[in-house]
Structure formats: C-alpha cells, structure tokens
Amino acid sequence: MKWFPSVLLLLALLRPGAALAVAPKSAAPLELSLYYFLDLRKDGEVRELERVWRRAAAAGYTRVMLADVHFARPGDMDGRYRANAARVRSLAARLGLAIVPGAFQVGRSNVMLGNDPNLAEGVPVRRARFVVRGGEAQLVADPPVSLGARPEWADPAVRLAGAVAASSDNAGRARFRLRVRVAPFRCYHVSVKVRSRGFSGAARISVLGGRQTLDFIRPLEILPTQDWRRYDVVFNSLGHRELEITMGLWQAARGRLEWTDWRIEEVGLLNVLRRAGAPCVVEGRVEGRDYEFIRDPDLERVRGSGVYSEWHEPPRIRTRLPDGTELRVSWYQPAFFFGGRTTCCPSDPGTFALLREEAARLRDLWGASGHLLMHNEIRCLGWDASCAAQGKSAGEVLAAHLRRCRALLAGTQVYAWSDMFDPFHNAHAGYYLVRGDLARSWEGLDRDVIILNWNSEYRAESLRLFSRRGQRQIIAGYYDGDPAEVLDALAAARGVPGVMGVMYTTWQGRYDDLERFAQLVRGAARD
C-alpha cells in the first residue's frame, strides 16, 4: 500500500481560499457518460460506433467522451477522416448525445510526437567519455562495466550450470540477480539470450537503483519453444552508482526456460534529442567546426509514425580531431514505458505550438461545448532544460502547463482525468521517472474543471479531496470488469457534494455491459 504524507492533503485543502470551497450539491439525477475511443480513419470503426451509440442513447447516456489519438496529427485528418467526423457529429445530434472530444495527449504522447520526435521529455546523460579513432569519436565506458559470469543470487527454482540459468515447471518465483557498479546519469544497454521449450509464463528483466525502478518494459515476448534469441533493455542510471539487475519469472510458469550470455554496456547517443530545451554539448568544442552535426537517423524515422526504436546502434560523432582526443559529451534521451510509450515535454515551446494547433482543429472539427484534457499517466517530467529552467517542482511545472492548456480551450467546459492531480493516486513523489514531487499539480485546476475520477484504490478520500476544492466530479467506473463494482463507487460518493454523474469506462473497447451498468446506476440512485 502506498503511503501519502498528510502534508499533501493539507496543501490541497488549505491553499488560499480552498478550505472554504464546497462543491455544489448534486440535486439532479446522476448523468450517464460514455468513454469511447476509435480511429476515425477507419470506416468499419465508425459503423461500430453507430451501433454502440444507439444502444447508449436508448439506455439513457447523454454524453460521450470521445478519444482518437489522431486528433494530435493534422496529416491524418484527410477528406475521409473529416467526412467520418461529420457523420459521427450528425449521429450524436440525432441521438441527443453531447460529444466531448479528448484534447492534448500529454501523458501518452507518441502520436503527437510523430510531428516532432525531438519534443519527447528528455532524461540527462552527463559527461559521457568519447575517444577519437579514425575520424570518429566512439564511447568508452567510464567506468568499465560487466555483469560477471555467475549471478550473485538465485531463487531455489533456478539451476545454474556453467553460464546458463534455467528453470522448469516452477511453482513460484524463479529469478536470478546480478549487481554492477555504474556511473550516474549514463545510458546503459543490458542484453541476454533466452531459449524455451514448452514454455508458458511471463519472463521479465528488472533494473533497480536502490528502490527506484529504472526500466519499464512489458514481459518478454518468448515463444513456447524457441532457440536462443537475444532481448534488449535500455535505461538511464539517473543518480545511482550501483544497480541490481534481476531476470526470470516472478510467478509460476510451465515448461523450461534458459538464460545465458547476459551483458551490460554503456552506450552513446541513442535517440539523442535535438532542441534548445534538450541541448547536446561537447565540452570545449563547437558543433559544425570541431565535429559534424550530431543526430540519430533512427530518431528522425519516428516522424509520421510516433514509434521509437528503443534499441539500435547509436550514432558516432564524426570529427577531424586527432586520434586519441578525449571528449566529454552530455545530451538528453527519451524514456520509454511498457511497449515504447513516451511523454512529451510539456514546457517546450514546440509542444505548446502543437497543442495550440490541435485546439483549433478540434474546435473546427467538432464545434463542441466541452473538451477533455488527456493529461494522464505522465511518467517522465522535470528533467530537461525546458522544465528545469523554471525553477519549479514537477507539480508546479504541471500546474503551469495546465493553466495554459485551459486557456486554449477558453469558452468551453473543460474536463480532466483525476490521476495526475490526485495525491492519493499519481500526484506525489516517486511516480515512475518524474523528477521530484508532483504535489501542487492540482493548483492548475480551475474550480470549473470537471474531474473524471478514476481512483479506485482510495476512492472515498479522492472524491472528498476534489469536492473540498469545490469541483464537480464524474465517477469513472467499469474498467472491463464486473459492472456491479460501480455500486462500491457510488457508496463511497454518498454524501459527497458535487458528484454529478458516472461514466462507463472501458480500456478494451468492451461495450457489452452498457445497459447493465446504466441499470445499476439508476437503481443505486433510487436507493
């Protein structure tokens, strides 16, 4: 269970004027909203939308929070896209459904970053050592790093034979751990070969610096039976000098799994970002005079797709400096989470220019009276110069950014996901790779912003927190599970002023329970 210092709650409730703020009482019946995501480029998805929305309107839903990541990419909005949007808008008008388009993919930013991949939030690599040989400066590990031939520790289910670690039909954990000394704020690449036979399970690689997780990858994609195949993990050491690298199985699995040839190396300019707010600096040298312009061709290929290559051979520095010349190089690199997701830098002027253009496109496309801020799960923040130069905490940086986004949507009702502004959810210290504390992020929320509250673990505390701030709330429920769980949410909301509705929220595009969900909400409201 997470522990949240009470000072966070006090900051939320006792900021000037907040202690007296009370959300309006909800005398009207609870409104029903629907969260719906699709790709408007695809006619088939639009046809499916029509079927679902007719059911929703018949069941009493009145509002649709509409998400399409392509709202962030103007090149995707061709004639077909706009025709489908007009078709959806016309359908909503006939059904009496208010469309609230989602704006600004600040947390899950890949599609937006397809416009400019250099706008990713960057974590710093500091003073990496390069040495010139034959017209190229190549990275030289400083200090040298190695994982060693044998793990320092293994679960009893792991059998070590020579340079191979193996497990078979393990009933529980089957992991082994390696330890390595590193330099702070450097980029490292860990790789390992894996072989399987009749395997079924979830194998992982975990990198820890003290208690801080440094890698965020999904379970390895291992076939039931495969020959030796290499897997790669890239991460930044941040402020750590010693790392624990654990490989294996955290749960029971079937079949046999073998690991060998584990390696670590310090790597150079992988996915190097090039923008003013994320400078690439070679100490004492001038780009274009002492060495050629530094760029990673693989990063440039992200344009249009938003899909980054997490591991590839990094570029070298081309130079006419004499052999043996030592260079110290600093730069910024993006961080990746769970399948290559990455976050934009909210403070860079280039990001704000894209958001301003997106706001204008959404107004033109939908003419909506409300917009949903898609600021959720912002997992990297506050590192690069665009953020650090403000002299603010991560929470204050996010609050300032939110105020600017709110201004872009002036004249419309703004909604926001709760998590990044909730100290009982993500708005605290230690959230993924956010630098510092996200406390005070909620100060960027005007009181007229309606909160979509999806805190299921500390629901009662979260609902009361935003209510005390004087904000109306919609409970986001369902999440592809048992529809009856919404009753627990409604029980937690009993007596909390300002709870105005409930939203059917699916992450998997499952709409089978639309009607059942609506019946449960109405029944609970009557009770």
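Guide: One term is needed at the outset: contact means that heavy atoms lie within 4.5 Å. Please note also that this is a predicted model.

Visitor: What covers the buried residues of H3?

Guide: The buried residues of H3 are Tyr81, Asn84, Ala85, Val88, Leu91 and Ala92. They lie on the same side of H3, because they cover an arc of only 125° around the axis. On the other side, Gly79, Ala93 and Arg94 are exposed. What covers the buried residues includes strand S3 (98-103), helix H6 (349-366) and helix H2 (43-59).

Visitor: Which residue caps the N-terminal end of H3?

Guide: Helix H3 comprises residues 79-95. At its N-terminal end, the backbone nitrogen of Arg80 lies 3.3 Å from a side-chain oxygen. That oxygen belongs to the capping residue, Asp78.

Visitor: Which are the edge strands of the open sheet formed by five strands?

Guide: The sheet has the order S7-S8-S15-S10-S13, with antiparallel pairing. An edge strand pairs on one side only, and this holds for strand S7 (159-161) and strand S13 (226-236).

Visitor: In S13, what is the bridge partner of Ser191?

Guide: Strand S10 covers residues 187-200 and runs antiparallel to S13. Nine bridges join S10 to S13. For Ser191, the bridge partner in S13 is Asp232.

Terms used
Residues numbered from 1 in each chain as written. Predicted model: local features only at pLDDT ≥ 70, side-chain atom pairs only at ≥ 80, totals over all residues. Heavy atoms only, no water. Helix = DSSP H or I, 4+ residues; strand = E, 2+ residues; numbered from the N terminus. Expected span 1.5 Å × (residues − 1). Buried < 20%, exposed > 50% of the residue type's maximum accessible area, 1.4 Å probe, protein only. Arc of directions from axis to C-beta. Polar contact = N/O pair within 3.5 Å; in protein donor to acceptor, adjacent residues only side chain to side chain. Pairing = 2+ DSSP bridges.
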